[in-house]
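Look at the sequence and the model below before reading on.

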Amino acid sequence: MTEARESAGPHARTAPGTPCWVSLMAHGLTATEEFYESLFGWEFRPGPQQLGPYVRALLDGQEVAGMGQLPPENRLPIAWTPYFASDDVDRTAEQVRLCGGTVAVGPLDLADAGRLAIASDPSGAVFGVWQGAPHLITALSGVPGTPAWIELLTFETESVAKFYETVFGYAEEPVVSADFDYVTLRLGGRPVAGLHGVGHALPRDRGSHWLTYFQVADADETLRQVTGLGGQVLKAAHDSPHGRVATVADPEGAVFSVIQNPR
């Protein structure tokens, strides 16, 4: 899981199909900034405003994520959205449509930030496509407060895996198990994302969705911070082959996971 971020150099993070950015759209942008500043130590500076108020989150002076403000009338679920790198976002958007997905926003230019589109796969999971300037792609990884992994929670993996394989050129590495439906997507030999088929355990109020994992130094302490800051613990910290993992929600309900490397 985390080896994907730790082993990826700057060029790897801009290679087409590579997860390169995560962004959160919330209603209360100021309060959301305060939550993540306290939790991860992020600082913020203004970003592109074409889609409304937007800030870039920085850690040690390097950009690690983005946050925007939803219009009051927008009732879409508050969620972290991953973006995949593209060297031609218009061509990628067309491929999304041809493979049964939907392009909801763009492609459009965002000043010096590049060109992007926001789409959904055939299962309804939302993701972004970004043709960006290399210096604006997430450059910091492997330290607390940075994105570590993304995982699609969906009903079953077979059909949606074909979609991502065709659109982004991934190779699939399925887990051979009668009771565990999981596919790792690989690019250039590196694991870049996971697809987890959870069947009827998929939340009815959310449907298929991408889940972002953030690196933390101490998962249990992070959970105490989350609740103290007004968030919720959705899945208590537990040990996994990749480290100690937990799932939480921020005060507006945006769900994300945290992972602490094995000691």
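This is a predicted model: local features need pLDDT of at least 70, side-chain atom pairs count only at pLDDT 80 or more; totals for chains, interfaces and linings use all residues.

How far is the sulfur of C20 from the closest cysteine sulfur? The distance is 19 Å, to the sulfur in C99, which is too far for a bond. A disulfide is a covalent bond between the sulfur atoms of two cysteines. Here a disulfide is counted when a pair of cysteine sulfur atoms lies within 2.5 Å, and the structure holds zero disulfides. The surroundings of the two residues can be described by relative accessible area: under 20% is buried, over 50% is exposed, and in between is partly exposed, using a 1.4 Å probe and protein chains only. C20 is buried, at 0%, while C99 is partly exposed, at 23%.

Residues are numbered from 1 along each chain as its sequence is written, and side-chain values use heavy atoms, with hydrogens and water left out.

Next come the strands. Helices (H or I, at least four residues) and strands (E, at least two) are DSSP runs, numbered from the N terminus. Two strands pair if DSSP finds at least two bridges between them. A85 stands opposite W130 in β8. In a regular strand the side chains alternate between the two faces of the sheet.

Strand β14 (residues 232-240) is joined to β15 by six bridges, and the two run antiparallel. A hairpin through two residues connects β14 to β15, and K235 has T247 in β15 as its bridge partner. Six bridges also join β15 to strand β16 (residues 255-260), again antiparallel, and R244 has Q260 in β16 as its bridge partner. The hairpin of β15 and β16 has five residues between the strands, and in it G253 takes a positive phi near 100 degrees. Is β15 enclosed or open to the outside? Six of its seven residues are buried, so β15 is largely enclosed by the rest of the structure.

Contact means heavy atoms within 4.5 Å.

Now to the interior. A nonpolar core is a set of buried Ala, Val, Leu, Ile, Met, Phe, Trp, Tyr and Cys residues joined through side-chain atoms within 4.5 Å. The largest such core has 29 residues, and those with the most contacts inside it are Y36, F40, W42, M67, W80 and F256. Helix α3 gives the most to this core, with five residues. Leaving aside residues up to four places away in sequence, F40 touches L59, G145, F214, V216 and F256. A second, separate core has 26 residues, including A161, F168, V183 and L195.

Aromatic rings complete the tour. Rings of Phe, Tyr and Trp (its six-membered ring) pair if their centres lie within 6.5 Å; planes under 30 degrees apart count as stacked, over 60 as edge-to-face and the rest as tilted. A search of the whole structure finds 25 aromatic pairs. One of them is F84 with F127, edge-to-face at 5.8 Å centre to centre and 70 degrees between the planes. This pair links distant parts of the chain, with F84 in strand β5 (residues 80-85) and F127 in strand β8 (residues 126-132), 43 residues apart. F84 and F127 are buried. F84 also forms an edge-to-face pair with W210, at 5.6 Å and 65 degrees. Elsewhere, F35, Y36, F40, W42, F44, W80, F214 and F256 form one aromatic cluster.
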